[in-house]
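Hi,

Here is the structure I said I would pass on. Have a look at it, and then read my notes below.

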Amino acid sequence: MVDVVDLRSDTVTRPSAGMRQAMAEAEVGDDVFGDDPTVLALQAEVAALLGFEAALFTPSGTMANQLALRLLANPGQELVCDQLAHVVRSESGAAAVFSGITTRTWRSTGGVVDVGAVAELISPNAGRYQVSTAAIALENTHNFSGGTVQPLESVRAVQQLGREHGLGLHLDGARLWNAHVATGLPLAELAAGFDTVSVCLSKGLGAPIGSLLVSSAERIEQAWFWRKRYGGAMRQVGLLAAAGRFALQNNLNRLAEDHARARRLAAELGNDPAGTQTNIVVLDVPDALAVSAAAREQGVWTSMVGPRALRLVTHLDVDDAGIDRAIEVLRPLLTAGR
Ligand SMILES: Cc1ncc(COP(=O)(O)O)c(C=O)c1O
């Protein structure tokens, strides 16, 4: 039996003993009535951390993103975002189905937003018969481009453009924690200037479930309504919120270890380590499926983000020995395949 090194995603972590204990001991109440103390505490903590008035706990990052889009755009309007954004590529068409909105996308280099590309794409107040842009979504860090951090000046430029045209601004911050640890910038500075921000507890922070949407108190009040309609209102969910609070207290600063391991992987596998800013490495290979399958046979699990793009994600449950093993297995496969 080969020991598995699972680099498919930072979502594969299992709750630690300490986290499970925090869950077992959580004070709970019925959160549909708004009286689960642990959920209320988590929401208040995350809202404060990100510098917003209010937050809402959701079962997934997808739901947090989709609630945001529902709040920022009306049916028949459009969202603009990166062509590799999670909201458009990996949420099963939810924006179209739940919010009735269309999407147009810009291309970027390495996931980094360029205000010129956004300016070319947007079409606010497009008139009687055209589709009007209602919102812009950014992603920080950018998952499918290799965990890239959005430069603050680019974010500010897009926010200014959006404001000038009266557009809603959403940040998919599933891995905003990684951007915070990588740059040393306060979370509130990374989140500032957006109308809505989603963050996930179930990625690098190691919680089993849970995300939050943060925004103004007024928008979050509306989000309670939509979350119920989407089937995401839960009862004694303090059990899960306790895992999230534990994750924030114990697993935030250690993300730097994941980043260092990802840089080592990148360097050893022939990528420019400077291109690996956080915990995701994307390797350009002629046949990602073949490399992924061959590595899996030897116990190293990877994922694909395109036919030529192999993704390796470091996390809480992969240590230095796991990284050594991944390098040992992947290096010859890459040399043969490149
Ligand atoms: C950037 C980004 N946003 C949103 C999500 C959605 O999170 P969930 O899987 O909890 O729905 C993910 C999931 O990997 C993600 O990478």
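Two strands, β3 (78-82) and β5 (133-139), each supply at least two residues of the lining of the largest cavity. Strands here are DSSP runs of E, at least two residues long, and helices are runs of H or I of at least four, both numbered from the N terminus. A cavity is a set of points on a 1 Å grid over the protein atoms alone where a 1.4 Å probe fits but cannot get out, and lining residues have an atom within 4 Å of a point.

Before going on: this is a predicted model, with local features needing pLDDT of at least 70 and side-chain atom pairs pLDDT 80 or more, while totals for chains, interfaces and linings use all residues. Residues are numbered from 1 along each chain as its sequence is written, and side-chain values use heavy atoms, without hydrogens or water.

Back to the cavity. Its space comes to about 40 Å³, counted as what is filled by probe spheres set on the points. β5 gives the most to the lining, with three residues. Trp 106, His 142 and Gln 150 are among the lining residues.

Cheers

Technical notes:
1 Å grid on protein atoms, 1.4 Å probe; cavity = no way out; pocket = protein on both sides within 12 Å on 5 of 7 lines; lining within 4 Å.
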